[in-house]
Amino acid sequence: MTSTTQNALSTKIGRRSFLKMAAIAGAFGATSSFASENVTRPATAEEVKNPFPGSKEVKTICTACSVGCGITAEVQNGVWVRQEVAQDHPISLGGHCCKGADMIDMVRSEVRLKYPMVKEAGQWKRISWDTAYERISKKLNSLRETSGPDAVQFLGSAKMSSEQAYYFRKFAAFFGTNNTDHQARI
Amino acid sequence: MSSEMSRMKFYCDDDRCIECDGCSVACAEAHELPVGISRRKVVTLHEGIEGKEFSTSVACMHCTDAPCEQVCPVDCFYIREDGIVLHDKEVCIGCGYCLYACPFGAPQFPRDGAFGTKGAMDKCTMCAGGPLETNSVHERELYGQNRIAEGKVPVCASMCSTKALLVGDSENIATVYRARVASKGKGVQTAPFGWSKAYGQ
Amino acid sequence: MANTWGYGAMTNSLGDIQNSKAIIIFGANPAVNHPVGFQHFLKAKERNNSQLIVIDPRFTKTAAKADFYARIRPGTDVPFMYGMLNIIFKNGWEDKKYIDDRVYGMDEIKKEAAKWTPEKVADVTGVSAEQLMQITKVYAKSTPGTLIWAMGLTQHSVGTSNTRLAPILQLSLGNMGVEGGGTNILRGHDNVQGATDMGCLADTLPGYYGLSSGSWKYFAKSWGVDYEWLAGRFKSKDWMSKKGFSLARWYAGVLGGKPGEDKIHNAGTNLKALFVMGNGITSIAQQAKVKEALDNLELIVLADPFVNEAAILTDKKDDIFLLPAATQFETSGTVVATNRTAQWRYQVVEPMYESKPDQDIMFEFAKRLGFYKEYTKAMLMRDNKTEFKWPEDATNEIARIIKTIGLTGWTADRLKKHTDNWHMFDEVSLRGSGPMKDEYYGLPWPCWTETHGGSTVLYDINRSVKEGGMGFRNRFGMEHNGTDLLAGKSSAPKGSSNPNGYPEINAKNIEAVLGITLTADEKAKIGKNWKVDTSNIIAEKCMKAGIAPYGNARARAIVWTFPDQIPMHREPLHSPRTDLVKKYPSFEKDKENHFRVDTKYGTLQSSKDWAKEFPINLVTARLVNLNGAGMENRASKYLAALTPEMFCDIHPDLANNHGIRNGGMMTIHSPEGTHITVKAKFSFSVSPDRIFIPFHFAGVFQGRDLKSHYPDGTAPYATGESANTVTNYGYDIITQIPETKGGLCRIEKA
């Protein structure tokens with residue numbers, strides 16, 4: 001999260017110099033035109049003015065498809081305020097499709113699930129995490145006792161990090177079943 | 001603005017455009033546009049027909065002799081020295097006359113929100129904001145980001161998935177495109193390399 | 001693929017596609033599904049005059065950029081590829097030396113290919129003989145050529161045959177293990193490669209170790225737990241080694257025993273609870289069955305950042321739990337791109353609202369289920385810690401244990417360094433420079449040791465092993481039917497101490513194969529073989545000797561353990577060509593206990609003249625603005641606005657013959673007895689014998705709007721009928737991937 005290399009880099013190319021609007025690096029491959037001296041001049045005070053003072057840039061990776069495009073997230077006071085351009089990423093070269101260009105919405109979408117819920121008598125009800133953990137664990141334990149561990153199906157995800165996917169598989173193993181799978185099989 | 005610059009332009013290389021809508025969504029997201037406003041739109045013609053289908057991305061073309069500016073009854077348009085065509089939403093009356101004049105369908109008319117203040121017209125600013133104080137909250141609310149003032153490339157082209165969409169002063173666009181044409185059939189552009197560090201030798 | 005040469009993964013990289021002289025794409029649409037990756041295809045065309053060939057049932061956005069496009073009938077890729085091989089062998093365009101040195105069983109392929117004359121192929125595939133010859137000539141003569149595929153090739157009852165014949169085609173032309181060549185499978189979700197490598201699967205432990213007792217013992221030991229204790233967690237040791245239910249057919253585990261349902265074999269019980277994390281199960285085939293299964297469960301737990309639409313689909317009234325999981329931007333960890341490149345996904349912000357990262361949810365459940373200490377112990381073992389740090393200690397745990405695909409070099413520190421320095425890598429070769437010199441971006445596996453730089457082109461013998469070179473894996477024994485399975489003379493990777501074929505390395509043969517002598521100390525520490533050698537002595541010695549730890553063998557065209565030893569054409573279970581079903585029937589016998597459920601093949605295919613009642617081919621695929629079940633993307637107003645409703649691409653001729661208007665509603669009926677009603681969109685991208693529907697919608701089921709099922713404020717911006725309500729029954733006989741790309745339907749005006 002505290003990635004100093006990229007912070008330094010982005011600050012250098014982002015704000016200290018005014019790009020004479022060089023078009024995008026496209027034709028020049030990994031050599032970003034940002035780096036080219038002749039298209040820059042020192043920025044004026046007004047130009048340097050940052051709409052998000054004190055923000056920092058975090059390098060991360062798009063969660064849409066398997067190309068693995070780089071994302072530069074601009075974060076101010078713990079809030080992801082803007083999606084910046086990962087121009088120097090060796091696979092995506094700053095490019096995004098519409099899904100990637102909108103990754104910030106994964107975090108800030110208004111229709112996210114905000115708290116644990118349970119359906120009871122056909123109605124959704126807000127519950128605490130503790131209640132959720134308690135009720136689910138109790139049921140899983142009792143099913144394990146009465147019907148055996150194979151009464152439970154686990155479905156993990158290709159949307160998880162590798163560490164999470166590994167720990168998901170391990171979870172099923174420790175629960176005592178091979179009834180576990182993910183989206184590789186669709 | 002520096003006077004030795006040529007004018008700022010967009011160019012879309014339709015050999016490369018694949019209608020992924022990266023540009024239009026990047027634009028909407030960056031400027032937090034209301035849904036239903038397309039400052040930029042990808043158009044595909046002859047869809048599904050072999051040898052004919054092609055796509056291109058269109059927004060305000062920032063005309064040198066901008067028809068919108070000429071027909072505006074309240075004179076809300078202004079053209080920066082670098083060629084970017086902007087307008088003052090606090091002067092605009094939202095009559096839609098610019099839409100008649102525009103050859104590209106660029107002007108948009110939001111229904112509500114800050115963007116639609118008094119029914120004002122909205123269009124691509126080439127990420128250069130508007131007449132209000134640069135990078136102020138007020139400017140961002142009415143016009144979206146002012147990336148140009150930050151020394152950043154407009155978001156649509158910088159996020160184009162295949163680098164079809166180019167933006168910049170026209171000389172630079174020409175340079176990029178010329179290099180692209182010149183590289184045709186000339187082989188892969190990859191860095192030379194050596195391999196020595198690991199395991200001695 | 002893994003059954004051909006050892007690993008089932010993309011062999012080259014996206015940037016490397018720029019080196020191709022020809023690109024042939026079967027059942028993939030990168031312009032829509034991998035748009036940013038597609039820039040490398042376009043650059044290959046532009047700079048390298050690469051010929052882009054697209055074989056697809058519909059004229060896609062990728063086809064729009066192609067030099068050659070062939071409209072193939074769904075489910076006939078095997079005949080098409082045999083047709084190509086027929087022409088290649090007939091004209092002597094194959095790479096004879098390559099085949100002699102590095103391939104086993106090509107003669108059998110040659111025999112089968114001889115049967116597939118261009119005229120016969122034309123009849124079966126719908127692609128004219130002239131076009132087949134033109135495409136074959138261009139592809140065979142423009143080397144290196146890369147072969148691309150995705151779900152269009154895998155999602156068939158013969159998916160495994162497809163994904164075996166494609167590598168064979170590449171082998172015949174010597175296109176494997178070269179820059180600009182390879183079989184480049186484009187993965188779907190961002191971490192399909194990673195999650196698959198991690199064995200988040202019903203048929204293996206992490207790292208493709210399988211489920212044998214030996215593998216369980218290795219993992220128990222590596223996890224620091226007693227094997228007997230772990231076995232005690234299962235119903236019995238027997239069940240430890242049996243494949244579980246898969247994502248494709250888990251619902252059968254609930255419905256088993258009901259009239260008309262396939263029989264199940266699940267330790268004497270039905271499935272009673274479902275625990276889902278990050279999986280939009282509204283995008284799997286047989287939605288009506290999925291719904292019925294959900295309705296019959298006792299407990300449903302759905303952990304996702306958005307409402308998992310399984311909760312919407314079901315009419316179950318109680319005990320459905322929705323847990324707000326954090327997105328990947330609210331935690332950190334490794335993500336593996338389609339080319340086996342690992343990247344470190346840094347955390348951007350703290351989890352929003354009350355959401356929690358997946359691992360925290362799993363840890364809490366482990367505590368309450370009573371196995372937390374054992375579950376997390378392995379993260380402490382490497383450095384004898386008392387507390388672990390997530391995810392770094394998990395990353396290092398994985399690096400310590402998984403040798404099969406060479407993850408030893410994937411320590412958290414190295415992966416972070418790569419992401420921090422992504423600007424130091426070349427886009428085509430992925431080679432680093434400056435401080436990152438001698439490493440490929442993201443250390444594509446196998447990354448044999450903590451100083452190895454990764455392997456960007458698999459099976460490349462023109463590079464030394466330390467540079468990422470290797471031959472094919474020695475995975476299928478030393479000989480078959482008297483033929484040596486090791487690689488031929490002088491076909492070892494550059495700089496190898498052993499210039500010929502050699503077996504996989506173990507403690508017994510290491511001295512002989514590498515020509516070294518181990519010290520007594522090394523002999524005491526070394527593991528039994530390269531797959532379980534946590535001492536890393538085998539890998540380190542191999543690197544010095546230029547030897548690939550997994551051996552140097554031949555790729556095989558014959559898989560003697562499969563029902564079809566060489567790929568054979570078999571018509572889809574629901575084929576529009578009843579005449580061809582008789583000639584090329586599916587497997588005669590149903591498959592018993594396939595991932596715990598009996599699965600139908602020939603009996604279903606021959607039970608009816610399906611084409612008579614359902615004459616139209618049904619093709620499903622992705623849209624650019626949505627992925628998977630679409631629940632994430634439909635929660636974005638901008639993405640939802642691009643395709644606000646479910647639709648069907650239909651040729652005007654077909655539509656008008658049924659009185660369907662452009663923009664009007666049409667109903668699609670499936671052989672399953674299900675139906676959906678969607679908006680018709682006239683399009684020339686499909687021919688009049690087939691229709692196309694996207695599979696990202698949910699929230700409407702057979703005409704019933706389920707909007708009222710969403711908790712307040714969580715409904716996505718777009719809902720619609722799920723395409724998978726009408727996809728047909730049919731599963732691959734090896735992997736159980738559903739046949740969503742080769743089904744039938746009947747249409748009418750709604």
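The model is predicted, with local features requiring pLDDT of at least 70 and side-chain atom pairs counting only at pLDDT 80 or more, while totals for chains, interfaces and linings use all residues. Residues are numbered from 1 along each chain as its sequence is written, and chains are lettered from A and ligands numbered from 1 in the order in which they are written.

Chain A contains 6 helices and 9 strands; here helices (H or I, at least four residues) and strands (E, at least two) are DSSP runs numbered from the N terminus.

Nonpolar cores come next. Such a core is a set of buried Ala, Val, Leu, Ile, Met, Phe, Trp, Tyr and Cys residues joined through C-beta atoms within 7 Å. The largest one has 335 residues, and C:Ile53 and C:Val301 have the most contacts inside it. Helix H6 of chain A (residues 162-175) supplies the largest share of this core, 9 residues. A second, separate core has 6 residues, among them C:Phe587 and C:Tyr729. Two residues are in contact if their C-beta atoms, placed from the backbone, lie within 7 Å. Apart from neighbours within four places in sequence, C:Val301 contacts A:Ile136 as well as C:Leu274, C:Phe275, C:Val276, C:Phe321 and C:Leu323.

Helix H4 of chain C (residues 77-90) makes a friendly worked example. At 1.5 Å a residue, its 14 residues should span 20 Å, which agrees with the 20 Å between its end C-alpha atoms; the expected span is 1.5 Å times one less than the number of residues. Because 12 of its 14 residues are buried, H4(C) is largely enclosed by the rest of the structure. The buried residues include C:Phe80, C:Tyr82 and C:Ile88. Just after this helix, C:Gly92 adopts a positive phi of about 65 degrees.

Where chains A and C meet, 134 residues of chain C are in contact with 102 residues of chain A. Helix H18 of chain C (residues 358-369) gives the most to the chain C side, with 8 residues. Within S9(C), C:Leu322 is the bridge partner of A:Met117.

Terms used. A residue is buried if 20 or more other C-beta atoms lie within 10 Å of its own, exposed if 12 or fewer, and partly exposed in between; C-beta atoms are placed from the backbone. Two strands pair if DSSP finds at least two bridges between them.
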